Amino acid sequence: MDMNPWERRQKILEVLCLRRHETTGNLAHEFNVSRGTIHRDLIILTCSYPIETIQGGHGGVRVADWFHLDRRALNSAEITFLRKLAESLNGSDLEMLNRIIATFSH
């Protein structure tokens, strides 16, 4: 299955957050793209995320120790389900569910 560049960059970010450190060669192999494509993806990702490249024998690419992908965006089916659930709520419960939807929908 081929990924578009946005999907690939999102997966690269997920891989880096999971492994914390990886080489561009391994990423290129894993995503079946050239090292140049990985380098371009990393340049774009570094504009929004704390990712750095390290030169040398133990080099590669890593994400800052403090950074983690904690939040996950809800898909449209999940949002629809929560909105349907919200119809049965009121008061502070409804407010809380609306805050959850707002927080996790992008």
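**Reading the sheet and the helix contacts**

Modeller: Let us begin with two paired strands: S1 and strand S3 (residues 60–63) are joined by two bridges and run antiparallel. Please keep in mind that this is a predicted model.

Biologist: In what order do the three strands form the open sheet?

Modeller: The order is S1-S3-S2, and the pairing is antiparallel. Strand S1 (21–22) and strand S2 (51–54) each have a single partner strand and stand at the edges, so one side of each is left without a neighbour in the sheet.

Biologist: Is Glu22 buried or exposed?

Modeller: The relative accessible area is compared with a cut-off, and a residue under 20% counts as buried. Glu22 has a relative accessible area of 10%, and therefore it is buried.

Biologist: Which residues does Glu22 touch, not counting those up to four places away in sequence?

Modeller: Glu22 touches Leu16, Leu27, Gly60 and Val61 on that count.

Biologist: How does separation along the chain relate to separation in space?

Modeller: The two are read side by side. Glu52 and His21 are 31 residues apart along the chain, while their C-alpha atoms are separated by 9.7 Å. A second pair is Gln10 and Leu45, which are 35 residues apart in sequence and 8.7 Å apart in space, C-alpha to C-alpha. Gln10 lies in helix H1 (residues 5–19) and is partly exposed, with a relative accessible area of 25%.

Biologist: At what angle do H1 and helix H3 (residues 35–46) pack?

Modeller: The angle between H1 and H3 is about 80 degrees, and their axes are 10 Å apart. Angles of 65 to 115 degrees count as roughly perpendicular, and H1 and H3 are therefore roughly perpendicular to each other. On the H1 side, Arg8, Arg9, Ile12, Leu13 and Leu16 meet Thr37, Ile38, Asp41, Leu42, Ile44 and Leu45 in H3. By class, this contact of H1 with H3 has seven nonpolar, one polar and three charged residues.

Biologist: How do helix H4 (residues 76–86) and helix H5 (residues 91–104) pack?

Modeller: Their angle is about 170 degrees, with the axes 10 Å apart. An angle over 145 degrees counts as roughly antiparallel, and H4 and H5 are therefore roughly antiparallel to each other. H4 contributes Ile79, Leu82, Arg83, Leu85 and Ala86 to the contact, and H5 contributes Leu94, Leu97 and Ile101. Sorted by class, the contact of H4 with H5 has seven nonpolar, no polar and one charged residues.

How values were computed
Residues are numbered from 1 along each chain as its sequence is written. This is a predicted model: local features need pLDDT of at least 70, side-chain atom pairs count only at pLDDT 80 or more; totals for chains, interfaces and linings use all residues. Side-chain values use heavy atoms; hydrogens and water are left out. Two strands pair if DSSP finds at least two bridges between them. Helices (H or I, at least four residues) and strands (E, at least two) are DSSP runs, numbered from the N terminus. Buried means under 20% relative accessible area, exposed over 50%, partly exposed in between (1.4 Å probe, protein chains only). Contact means heavy atoms within 4.5 Å. Axes are lines fitted to C-alpha atoms, for helices over the stretch in contact, and angles run from 0 to 180 degrees between N-to-C directions. Angles under 35 degrees count as roughly parallel, over 145 as roughly antiparallel, 65 to 115 as roughly perpendicular and the rest as oblique. Ala, Val, Leu, Ile, Met, Phe, Trp, Tyr, Cys and Pro count as nonpolar, Asp, Glu, Lys and Arg as charged, and the others, Gly among them, as polar.
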